[in-house]
Each structure stands twice: as structure tokens, then as C-alpha cells.
Amino acid sequence: MTARALINVPPKAKRGEIIGIKSLISHEMETGFRPDATGQPIPRNIIKEFVCTYNGVEVFRAEFFPAMSANPFVSFTTVANESGTITMTWTGDNGFFATESVAITVE
Amino acid sequence: MTDTLPLMATRRRFLIGAAGLAGGMALVTMLPGRTAATPASMQAAVKAVAGDAPMNKGRIKIELPPLVENGNAVPLGIKVESPMTDAGHVKAIHVFTEKNPQPNVVSFQLGPRAGTANISTRMRLADTQVVLAIAEMSDGSFWRDEVEVVVTMAACLEES
């Protein structure tokens, strides 16, 4: 159940600057549509939800379906309005949960 | 020089044959009683998020390679023109396919705090098909863009 998550946020930004955020997490994203060697479908095992908060305020959210690639990658933007913490969480099938945080300094 | 032409013709015949074979293989792997989204089920999925709201063309742009060798990880970019202010912003972006096993791919929810509506990710494509993206604006309007992608090796159909 341990998943490696990588997030990329600039450590410093000017107030009001639009910054790019990249997120990547290791997960097979098993679709539930593939048969195994005996022809039985392999049960679905995907990440269903990705949420990014900035000092506790939600700034971006995604709902994933099986058509997302394995090791889901998402890049998006946010406005750097204050110093603090950017946190990302991933939740999914079979109780999957992962979270990663990074500090940002806004001048 | 004299034998160049027949040689080229042979090569062309081989390429056509190979393309046909690849197409046939894709068809066989798709066939055995597998559920697949259809243009109709995609329309139903669109209706689930947009209701009967009119779809405007423009403002949203999908970036996908026109030809994809491996459908397992296709880079997808989406950009929406919007000031992203409290008064006018993108509320949500939904991505759909016509022929994957189910029509939904991903739904994003954003707002003024995102600053821009400029997202990239990676998606699976089970077949050559149309990919549709819809942006929902804060004023209640919906905007759409669609592109056709040719896939030579499909995703999610091989045995593990």
C-alpha cells in the first residue's frame, strides 16, 4: 500500500504569481476491464480522487476514471497568495490513501 | 535503377499487409464480448454533467498527438480561455472518449484560485477514436472541443 508520490512546486514565488504544480504518484490504475490468464476480469483498483489544498483551502480537484494512465500525472496552476503549505491527497479503491505536502514562501 | 521500382512496390505491399494485420489484431482483441463506450453512451455521460445545456464551440482547446503508437499513456493537454476571477472562471472540465470501455476519463474542478485553466495529464486510449472535452463556466455556459486520435497499439486489452 506504500505509494511513491512526487510533487513539484516552486519553493518561492512573488505574491499573486501564477505557479505551475506537477504531481505524480506510483499506482497501477488497474482498469477492471482486463482479463487475467484464466480469462477472469482483474478487479478494478484505481485512484478515484486527487485534491490539492493551499493552506487548507481547496484549489484543485480531479476525479479519475480507469482511462487515466498508470502512475497518474497531473499538472495544473495556482495563484501564490501567501506563504504556507501546499498539500495533495490521493484516495482510491481498497482504502488507498496517500498524501504529500510542500512548503512555499511568498514574498 | 531497373529493379528499384519492383522493390519499392514490394515494400509498399508489405507495409499495407502489415497495417492490415495490425488492424486485424486490434479488432480481434476488441471483440470477445467486452463492453465498450459508444457515441451514444458518451452523449449520455455528457448529459450527466451538462444536462441539456447548449454546447458552444471554442474557448477550450484539447492538445493530443494526432497519431499515437502506445495507447497506455497518451499526453493530454487542456487549456481554457478564462480570466479566472471570482466573476468569471472555469468551474469544471470533463474529458470523455467514444470507444474506451467507459466514456469518462477524468473530471477536474477548479476556480479562481487556480489562476489559469491549463492542465496536462496522461490518458489511456483503447482504440482510434474521438476525445471530447467540455468546460463548465461560472456563468453556466458550456464549451466543447473534440479531436480524433489514431491509435496503433491499444491500451488496457492485453492480458497481464
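Two residues are in contact if their C-beta atoms, placed from the backbone, lie within 7 Å. The model discussed here is predicted.

Q: What makes Met123(B) a contact of Val105(B)?
A: A contact requires C-beta atoms within 7 Å. Leaving aside neighbours within four places in sequence, Val105(B) meets this with Met123(B), as well as with Val95(B), Phe96(B) and Thr97(B). From chain A, Phe65(A), Ala67(A) and Met68(A) are also in contact with Val105(B).

Q: Why is Val105(B) called part of a nonpolar core?
A: Such a core consists of buried residues of listed types, Val among them, joined through C-beta atoms within 7 Å. Val105(B) belongs to the largest one, which has 60 residues. Val105(B) is also one of those that touch the most other members, including Phe64(A), Met68(A) and Ile93(B).

Q: How do you know that E6(A) and E7(B) pair?
A: Pairing takes at least two bridges. E6(A) and strand E7 (residues 117-123) of chain B have 2 bridges, in the antiparallel sense, so they count as paired. Ser75(A) stands opposite Ser120(B) in E7(B).

Q: What makes up the side of chain A that touches chain B?
A: On that side, 28 residues of chain A are in contact with 28 residues of chain B. Strands E5 (57-64) and E6 (73-80) of chain A each supply at least two of the chain A residues. By class, this side has 19 nonpolar, 5 polar and 4 charged residues.

Q: How many helices and strands does chain A have?
A: Chain A has 0 helices and 8 strands. Its 107 residues include 32% that count as buried, a label that needs 20 or more other C-beta atoms within 10 Å.

Technical notes:
Residues numbered from 1 in each chain as written. Chains lettered and ligands numbered in written order. Predicted model: local features only at pLDDT ≥ 70, side-chain atom pairs only at ≥ 80, totals over all residues. Helix = DSSP H or I, 4+ residues; strand = E, 2+ residues; numbered from the N terminus. Buried ≥ 20, exposed ≤ 12 C-beta atoms within 10 Å, placed from the backbone. Nonpolar A, V, L, I, M, F, W, Y, C, P; charged D, E, K, R; others polar.
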